[in-house]
Amino acid sequence: MTIGRGADVLTTEDLSRRDIEQIIGVADSLGSAVETRTSLDLLAGKILATLFFQSSTRTRLSFESAMQRLGGSVLGFADAQSSRATGERAESLEDTVRTVEHYADAIVIRHPAQGAAKRAAEVASVPVLNGGDGTNQHPSQGLLDAYTIWREKGTLDGLSIALVGDLKSTRGMHSLVYTLSNFRSRLFLVSPPELRFGDAVKARLRQRDLKFHEARSVDEVVSEVDVMYVTRLNKEGTGSAYERLLREYPRITLDTLRGCKDDLIVMHDLPRSDELGLQIDSLVDATPHAKYFSEVKYGVMVRMALLALVLGAVEPGGECL
Ligand code: CP
């Protein structure tokens with residue numbers, strides 16, 4: 001198991017199918033506390049530090065909720081601006097981590113720079129969990145997305161999955177596609193040409209002999225897919241093309257879903273809003289296809305699993321220690 005006691009969670013690139021199945025198993029066994037709104041005492045006395053250098057609603061609060069559901073406690077910047085980690089005379093990320101590791105038993109970090117979580121892990125003596133580094137990776141997001149598919153479809157194999165939107169610079173999408181590369185589903189990659197996955201992702205898919213098809217429009221694939229995963233357009237990496245790409249960007253409405261399978265699930269990492277409105281129209285929310293708020297709940301379960309594993313409170317099989 002790659003993710004066990006003392007491990008860092010920096011990327012999904014190095015996870016095996018067995019690793020992912022074990023995380024799913026632990027999430028399933030601990031997740032009933034989320035369903036019943038109760039708490040466990042597996043991490044009583046342990047502290048999680050949240051170092052968020054970028055804004056977040058879900059990642060930060062769900063890690064905090066997960067830690068508290070496991071009986072642990074949380075500390076963190078109210079805002080990085082109010083700490084010594086940013087500003088004119090900011091101390092280095094490494095010095096911030098060397099300080100915070102004495103206050104907490106694990107650290108979750110979100111940072112605008114690619115590789116920041118790895119830098120933190122290189123100096124930390126406690127596990128570091130990457131809550132998103134630049135446009136690189138957001139592993140707990142990719143894993144909760146995979147868990148959502150598994151919960152809703154009962155498998156990660158034999159499905160047709162559309163990944164829709166900014167595949168180039170959405171870190172959660174990178175974490176998801178590397179996770180899915182361990183399974184045997186067919187991928188439809190739907191985006192404007194400039195927002196396609198880079199060569200490294202496609203090389204991984206080819207190496208794993210995973211079938212994928214690139215499309216420009218959701219209409220081309222809507223009737224075939226079991227899962228439609230939509231993400232937002234990132235400003236990072238699009239430069240002056242941002243406004244144009246925003247106008248061309250795929251948007252999901254009841255009309256878009258006409259002709260879809262009855263049991264299609266529609267997912268989104270959220271937030272789903274941008275300068276032009278909602279990427280998934282709110283009328284879709286009332287359909288049985290909408291699973292984006294279920295993802296939020298599953299996210300707490302997966303983050304409970306990751307915390308319990310890296311802090312050594314459960315074995316990969318889900319047995320509490
Ligand atoms: N999906 C996600 O990472 O949401 P937040 O930015 O709110 O954490």
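This is a predicted model: local features need pLDDT of at least 70, side-chain atom pairs count only at pLDDT 80 or more; totals for chains, interfaces and linings use all residues.
Local features need pLDDT of at least 70 and side-chain atom pairs count only at pLDDT 80 or more, while totals for chains, interfaces and linings use all residues. Residues are numbered from 1 along each chain as its sequence is written, and side-chain values use heavy atoms, with hydrogens and water left out.

Biologist: Which residue has a side-chain N or O atom 2.9 Å from an oxygen atom of the ligand?

Modeller: A polar contact here is a pair of N or O atoms within 3.5 Å. A backbone N or O atom of Thr57 lies 2.7 Å from a ligand oxygen, and a polar backbone atom of Leu270 is 3.1 Å from a ligand nitrogen. The side chain at 2.9 Å from a ligand oxygen belongs to Arg110.

Biologist: How many charged residues does the shell around the ligand have?

Modeller: The residues around the ligand include Ser56, Arg58, His138 and Asp269. Asp, Glu, Lys and Arg count as charged; Ala, Val, Leu, Ile, Met, Phe, Trp, Tyr, Cys and Pro count as nonpolar, and the others, Gly among them, as polar. By class the shell has 1 nonpolar and 5 polar residues, and the charged ones number 3.

Conventions. A residue is near a molecule or strand if one of its heavy atoms lies within 4 Å of it. A polar contact is a pair of N or O atoms within 3.5 Å; within protein, one must be able to donate a hydrogen and the other to accept it, and residues adjacent in sequence count only if both atoms are side-chain atoms.
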